[in-house]
Amino acid sequence: MRETLVLNASFEPLATVSLRRAVVLVLQGKAVVEQARPGRRVRGPAVEVPAPQVIRLCRYVRVPFRRRAPWSRRGVLVRDGHRCAYCGRRATTVDHVVPRSRGGEDSWLNTVAACAEDNHRKADRTPEQAGMPLLKLPFEPTPAESLLLAAGAYGTPGRRSAVA
Ligand SMILES: [Zn+2]
């Protein structure tokens, strides 16, 4: 059973693996535990470790293009939990971080959910130009997650915004 989420070194979700596989990656020093299951530990050959719910790879893995999830407006809204990236209120529109008029693309990393008011206020400017910092950084879901996005059944795991 796949029950542990694997993040890239950049904190982007990559895949889910079995608990056993996750523990092996941690014991081999290839990954670190980002989030453990409370009160549950797994015994390795020599040590005991907290059962990982989320692990992060120590080295960045480049994801081949074919493995990318198709972008959609609906997917962005669901990915962001219908929360505005600028004020945290309910979002119904999708904002381009770098505006399309400035060459910004329809891509996971360039789009965030936004309330209509903030989308209108930001207009054709970058967050810096508009003085509207992002509360949360956009990320690219894995193909598996995008299927869940399409089904509307995706819950955002605990995520840090340590990626600058
Ligand atoms: Zn807003």
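**Briefing: a predicted protein model**

Read along the sequence, the protein follows the pattern β-β-α-β-β-α-β-β-α-α-α. That comes to 5 helices and 6 strands. Helices (H or I, at least four residues) and strands (E, at least two) are DSSP runs, numbered from the N terminus. This is a predicted model: local features need pLDDT of at least 70, side-chain atom pairs count only at pLDDT 80 or more, and totals for chains, interfaces and linings use all residues. Residues are numbered from 1 along each chain as its sequence is written.

**Confidence**

- pLDDT is the predictor's confidence in each residue, from 0 to 100.
- The protein averages a pLDDT of 82, and 82% of the residues score at least 70.
- Among the elements, helix α3 (residues 116-122) has the highest mean pLDDT, 97. Helix α5 (residues 143-151) has the lowest, 62.
- Over residues 152-164, pLDDT stays under 50. The model has 19 contacts beyond four places in sequence for this stretch.
- Where pLDDT is low, the predicted coordinates should not be read in detail.

**Contacts and burial**

- Two residues are in contact if their C-beta atoms, placed from the backbone, lie within 7 Å.
- Of the contacts with a separation of 6 or more, 59% join residues 24 or more positions apart.
- A residue is buried if 20 or more other C-beta atoms lie within 10 Å of its own, exposed if 12 or fewer, and partly exposed in between; C-beta atoms are placed from the backbone.
- Buried residues make up 28% of the 164 residues.

**Valine 33**

- Valine 33 is found in strand β3 (residues 31-43).
- Valine 33 counts as partly exposed because it has 19 C-beta neighbours inside 10 Å.
- Not counting residues up to four places away in sequence, valine 33 touches Val26, Pro50, Pro52 and Ile55.
- Proline 52 is 19 residues away along the chain, yet its C-alpha atom is separated from that of valine 33 by 5.9 Å.

**Strands β5 and β6**

- Strands β5 (residues 93-96) and β6 run antiparallel, joined by 4 bridges. Two strands pair if DSSP finds at least two bridges between them.
- Aspartate 95 stands opposite valine 112 in β6.
- From strand β6 (residues 111-114), Thr111 and Ala113 point one way, and Val112 and Ala114 the other way. All are buried.

- Histidine 82 has a positive phi, near 55 degrees. It is found in the loop between α2 (73-79) and β5.
- With 11 other C-beta atoms within 10 Å, alanine 123 is exposed.
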